[in-house]
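These are my notebook entries on a structure that I am looking through for someone new to it.

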Amino acid sequence: MTRIGQVMMLLHGGDREEARARFGRLWEEIGEDGDPLHRCTLAHFMADTQDDPEDELEWDLRALRAADGCGDERAGRRPSPAVRGFYPSLHLNLAADYLKVGERELARNHLVRARDASGVLGDDAYGDGLRAAIGRMELRMDGSGHRP
């Protein structure tokens with residue numbers, strides 16, 4: 001997670017290409033069977049480095065699959081609160097991705113899921129910012145700000 005955080009700093013500093021290369025090397029190291037939390041986090045941020053909307057969508061889908069792999073509800077294990085906190089952002093990103101590729105109904109579905117998952121967010125800057133981003137996407141999708 002420390003190394004993922006270091007690459008995130010590159011990304012937030014504006015060096016998307018270097019961040020993409022380093023995230024790619026970390027992904028190879030972690031692998032498809034690596035720790036689901038690490039895969040979720042890495043894929044979630046790798047999506048932000050993509051130039052092609054289809055590639056961004058694929059990385060966000062990988063992040064969601066990894067988050068889903070952090071718990072096994074059939075065995076009575078739910079994802080940790082930290083992982084559940086990812087779901088609003090994961091679904092919001094997928095809503096934006098699907099909108100970019102012209103899949104409006106899939107975008108709407110993930111937007112509803114983002115709103116539904118937002119109950120786990122705290123009353124802090126992160127939670128407030130994410131709820132505001134969900135609201136902006138709702139406005140963008142239907143112009144009214146009401147739930148789709």
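I take a disulfide to be a pair of cysteine sulfur atoms within 2.5 Å. The model is predicted, so I note that local features need pLDDT of at least 70 and side-chain atom pairs count only at pLDDT 80 or more, while totals for chains, interfaces and linings use all residues. Residues are numbered from 1 along each chain as its sequence is written, and side-chain values use heavy atoms, with hydrogens and water left out.

Cysteines. I searched the whole structure for disulfides and found zero. The cysteine sulfur closest to that of Cys40 belongs to Cys70, and because it lies 6.0 Å away, it is too far for a bond. Cys40 is buried (under 20% relative accessible area, with exposed over 50% and partly exposed in between, for a 1.4 Å probe and protein chains only), and its own value is 1%. Cys70 is also buried, at 16%.

Fold. I looked up the secondary structure and found eight helices and zero strands, where helices (H or I, at least four residues) and strands (E, at least two) are DSSP runs numbered from the N terminus. Of the 148 residues in the chain, 45% are buried.

Core. A nonpolar core is a set of buried Ala, Val, Leu, Ile, Met, Phe, Trp, Tyr and Cys residues joined through side-chain atoms within 4.5 Å. The largest one has 42 residues, and among those with the most contacts inside it are Phe23, Tyr87 and Met137. Helices that each supply at least two residues of this core include H1 (2-12) and H8 (125-142), but H6 gives the most, with eight residues.
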